[in-house]
Amino acid sequence: METTKSARKYDAGEVGSDLSEQIKAATKDSHIRAENTQLMLSYQKGQITLPQYKVLLCSLYEIYKVLEEEMDRNSSHPAVAPIYFPQELARVESLERDLEHFFGSDWRKRVIVPAATHRYGQRLRKIGKESPELLVAHAYTRYLGDLSGGQVLGKITQKSLGLSSKDGLAFFSFPGVTSPNRFKQLYRSRMNSIELTEQQRAAMLEEAVAAFEHNIQVFDDLQKMLSVTTETVHQSEVNAVKTSMFPSSPIMQFTVGLCVALTTIGMGLYAL
Ligand code: HEM
């Protein structure tokens with residue numbers, strides 16, 4: 001949740017020339033929209049369920065796998081190098097541990113992601129090849145988010161899922177970062193040191209808004225995926241009840257029909 005103080009500052013148009021300030025201002029509305037997706041609202045109400053958390057982990061894994069592959073490949077690019085912190089930030093290994101915890105050793109076969117996650121991955125691949133400087137916008141959106149609200153979400157996950165240990169929560173833990181606030185300051189100063197043309201800067205701000213949009217679409221798709229699964233389970237339960245109450249074979253249907261007819265006639269005769 002953004003602070004009222006920072007909201008006022010940006011509303012008053014007092015954004016300086018630093019990339020870190022500009023990117024925060026440019027994505028302020030997107031951040032509010034991301035916080036207000038159904039999935040994030042469930043989170044904030046402490047109502048995250050295990051199926052929700054499991055599908056979220058699958059998508060985060062796919063996203064970070066591509067993001068970190070592209071960051072590694074472009075690690076010496078002049079825009080990427082200043083914000084390249086694999087030791088402190090890399091998430092793929094922690095996500096692998098969490099997935100193994102929840103899905104078992106064959107977790108790789110069980111990772112399912114919606115279309116929005118594929119689109120997000122495709123975008124990351126494209127900019128990794130064509131304009132690596134834009135990876136900064138994506139790294140900012142995910143890593144600074146994980147070091148901010150993400151820290152609270154970790155505690156909520158543990159409580160909501162009733163997990164007694166840290167097993168399954170590696171994603172939220174950054175052992176290489178002693179103070180998230182100090183690290184975020186360092187990250188921002190590194191972002192501000194990146195040299196960009198006006199055109200590249202504008203493209204960067206646009207890409208950060210797009211990065212938030214990709215996250216919002218992933219959350220929305222996950223929510224839809226879960227409601228379809230729940231509805232399917234519910235529908236098959238209804239069908240199971242229908243099947244058990246109404247015999248499906250024609251002979252059985254005829255027999256039941258005959259019994260009902262005879263009972264009705266019998267009751268009619270009795271009434272007379
Ligand atoms: C339940 C949902 C969320 C909550 C409660 C939350 C909360 C927060 C909080 C408290 C901050 C610190 C603000 C500050 O220092 O001024 C923050 C920053 C941030 N959040 Fe979130 N957030 C949520 C979701 C998201 C999502 C989904 C993303 C993107 C995928 C995201 C990306 C960021 C980023 C990039 C920052 C750093 C802003 C900056 O300092 O430049 N957040 N968030």
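Among contacts in the protein between residues at least 6 apart in sequence, 83% link residues at least 24 apart. The model is predicted.

User: How should I start on the fold: how many helices and how many strands does the protein have?
Analyst: Begin with the count of secondary structure elements, then their order. Here there are 14 helices and zero strands. Along the sequence the pattern is α-α-α-α-α-α-α-α-α-α-α-α-α-α.

User: What percentage of the residues of the protein count as buried?
Analyst: Burial is judged by counting C-beta neighbours; a residue is buried if 20 or more other C-beta atoms lie within 10 Å of its own. By that test, 28% of the 272 residues are buried.

User: Which positions does UniProt list for "binding site"?
Analyst: An annotation from a record should be kept apart from what is computed on the model. The unreviewed UniProt entry lists Lys24, His31, Tyr140 and Arg188 under "binding site".

User: Is Lys24 buried or exposed?
Analyst: Lys24 sits in helix α2 (residues 19-26). Lys24 counts as buried, because 20 C-beta neighbours fall inside 10 Å.

User: Where does Arg188 lie, and how many other C-beta atoms are within 10 Å of Arg188?
Analyst: Arg188 belongs to helix α12 (residues 180-192). Arg188 has 19 other C-beta atoms within 10 Å, so Arg188 is classed as partly exposed.

User: How do I read a helix pair, and at what angle do α5 and α9 cross?
Analyst: Look at the approach of the axes, the crossing angle and the residues that meet. The axes of α5 (residues 50-73) and α9 (residues 115-130) come within 9 Å and cross at roughly 0 degrees. The two helices are therefore roughly parallel to each other.

User: Which residues of α5 and α9 meet?
Analyst: From α5 come Ser59, Glu62, Ile63, Val66, Leu67, Glu70 and Arg73; from α9 come Thr117, Tyr120, Gly121, Leu124, Arg125 and Gly128. By class, this contact has five nonpolar, four polar and four charged residues.

User: What does Tyr53 touch beyond its neighbours within four places in sequence?
Analyst: Leaving those neighbours aside, Tyr53 is in contact with Ile48, Thr157 and Leu161. Tyr53 is in helix α5 and counts as buried, with 21 C-beta neighbours inside 10 Å. Tyr53 and Tyr43 are ten residues apart along the chain, and their C-alpha atoms are separated by 9.6 Å.

User: Where is Phe174 found, and is Phe174 buried or exposed?
Analyst: Phe174 is in the loop between α11 and α12. Phe174 counts as buried, since 21 C-beta neighbours are inside 10 Å. Not counting residues up to four places away in sequence, Phe174 touches Glu88 and Leu147. Between Phe174 and Asp146 there are 9.4 Å, C-alpha to C-alpha, at 28 residues apart in sequence.

User: Is Lys159 buried or exposed, and how many residues apart along the chain are Lys159 and Gly46?
Analyst: Lys159 is in helix α11. Lys159 counts as exposed, because 11 C-beta neighbours lie inside 10 Å. Lys159 and Gly46 are 113 residues apart along the chain, with 7.7 Å between their C-alpha atoms.

Key. Residues numbered from 1 in each chain as written. Predicted model: local features only at pLDDT ≥ 70, side-chain atom pairs only at ≥ 80, totals over all residues. Axes fitted to C-alpha atoms, helices over the stretch in contact; angles between N-to-C directions. Helix = DSSP H or I, 4+ residues; strand = E, 2+ residues; numbered from the N terminus. Parallel < 35°, antiparallel > 145°, perpendicular 65-115°, else oblique. Contact = placed C-beta atoms within 7 Å. Nonpolar A, V, L, I, M, F, W, Y, C, P; charged D, E, K, R; others polar. UniProt positions renumbered as here; feature names shortened; annotations may be inferred. Buried ≥ 20, exposed ≤ 12 C-beta atoms within 10 Å, placed from the backbone.
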